[in-house]
Amino acid sequence: MIFAIRYILQSYTRSRRYVPPVVIYFFAMMLIYSYKPSPIADSYSVTALLLFFASAWLGISLLNHEHPVQKQLSVQHNRQHWIYFSAELIAAYIMLVFMTGVAVIYPVVFKMFVHVPSVLQWVVGIIGHLSLALLGLSLSLFCQRIFIAKTNRSLSLVIIALTVSLAGPRLAELLPVGAEWMIWILPPAHMNVNAMMNLEQLPLGEVIWSLLLPVLYAFVLIGVYIKIVSRKELNGLH
């Protein structure tokens, strides 16, 4: 597993395909902090939201960076196919953890906030970023080349999924009476953002639930994904 993760990270970084999502994310983050002092809760919720979109972009980029033939060989090199597909996700998340670290620490180091974040604000900021990053990554899994051949179509589906996950409360208002339950099958990104923005007003239990629910949702998607691709024929990995 460790060898596979190292190989994927080296292969991906050499391909330079990580540059657009990473550079654009950091550029947008610096724009947010171009004026100071900035409010802690609002700033962290916005950078976490941006990471949500960047993680999906990075996920598709990493999962599609290898040539189809090379990917077949890479998967075949592992006796159990799930090991390689899991290594891809871990490699992508390692990069997202690094991006989270920069997003959380940067405004503190350069004194962009009114004051140093409290322990609770630190914890919620870190978990909020990591939670949305994992959710965004999981939403990109079924939009890669293995499932959707055309890149334009896969990107469109990812954008739709990300947008819908943020429009949960509004969509609930549009649903007919008795169909409100359908809101629970949508990715719960909006709950995470709301908890980060209203940290001081919400009960701690509700904040914790709002931060952890996207993680549970992401693990379900990841589990389904690993099960499907592990059984997929190697000649279908293109």
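What percentage of the 238 residues in the protein do buried residues make up? Buried residues come to 46%, where buried means under 20% relative accessible area, exposed means over 50% and partly exposed is in between, using a 1.4 Å probe and protein chains only. Before the close-ups, a bit of housekeeping. This is a predicted model, in which local features need pLDDT of at least 70 and side-chain atom pairs count only at pLDDT 80 or more, while totals for chains, interfaces and linings use all residues. Residues are numbered from 1 along each chain as its sequence is written, and side-chain values use heavy atoms, with hydrogens and water left out.

**View 1. The overall layout has 10 helices and 0 strands.** Helices (H or I, at least four residues) and strands (E, at least two) are DSSP runs, numbered from the N terminus. Going along the sequence, the pattern reads α-α-α-α-α-α-α-α-α-α. Take contacts between residues at least 6 apart in sequence: 78% of them join residues at least 24 apart. Contact here means heavy atoms within 4.5 Å.

**View 2. The largest nonpolar core has 63 residues.** A nonpolar core is a set of buried Ala, Val, Leu, Ile, Met, Phe, Trp, Tyr and Cys residues joined through side-chain atoms within 4.5 Å. Met99 and Tyr225 have the most contacts inside this core. Elements giving two or more residues to it include α1, α2 (19-32), α3 (40-63) and α5 (81-109). α5 gives the most, with 12 residues. Zoom in on Met99 and, leaving out residues up to four places away in sequence, you'll find it touching Pro21, Val22, Tyr25, Phe26, Leu51, Ala54 and Leu58.

**View 3. Helix α9 (residues 189-197) meets helix α10 (residues 204-231).** Their axes come within 8 Å and cross at roughly 145°; axes are lines fitted to C-alpha atoms, for helices over the stretch in contact, and angles run from 0 to 180 degrees between N-to-C directions. The crossing is left-handed, which means that the near helix is turned anticlockwise from the far one by less than a right angle (clockwise would be right-handed). On the α9 side the contact uses Met191, Asn192, Ala195 and Met196, and α10 brings Val207, Trp209, Ser210, Leu211, Leu213 and Pro214. By class, that's 8 nonpolar, 2 polar and no charged residues. For this count, Ala, Val, Leu, Ile, Met, Phe, Trp, Tyr, Cys and Pro are nonpolar, Asp, Glu, Lys and Arg are charged, and the others, Gly among them, are polar.

**View 4. α6 also contacts α9.** Here the axes come within 10 Å and cross at roughly 165°. That makes the two helices roughly antiparallel (angles over 145 degrees; under 35 is roughly parallel, 65 to 115 roughly perpendicular and the rest oblique). α6 passes α9 in a left-handed crossing. The α6 residues involved include Val124, Gly125, Gly128 and His129, and α9 supplies Ala189, Asn192, Val193 and Met196. This contact divides into 6 nonpolar, 5 polar and no charged residues. α9 itself is mostly covered, with 7 of its 9 residues buried; His190 is one of them.

**View 5. Leu9 and Val46 are both partly exposed.** Leu9, in helix α1 (residues 2-15), has 22% relative accessibility. Beyond its neighbours within four places in sequence, Leu9 contacts Ala91, Ile94 and Met95. Val46, in helix α3, has a relative accessible area of 35%. Val46 and Ile32 are 14 residues apart in sequence, with 8.4 Å between their C-alpha atoms.
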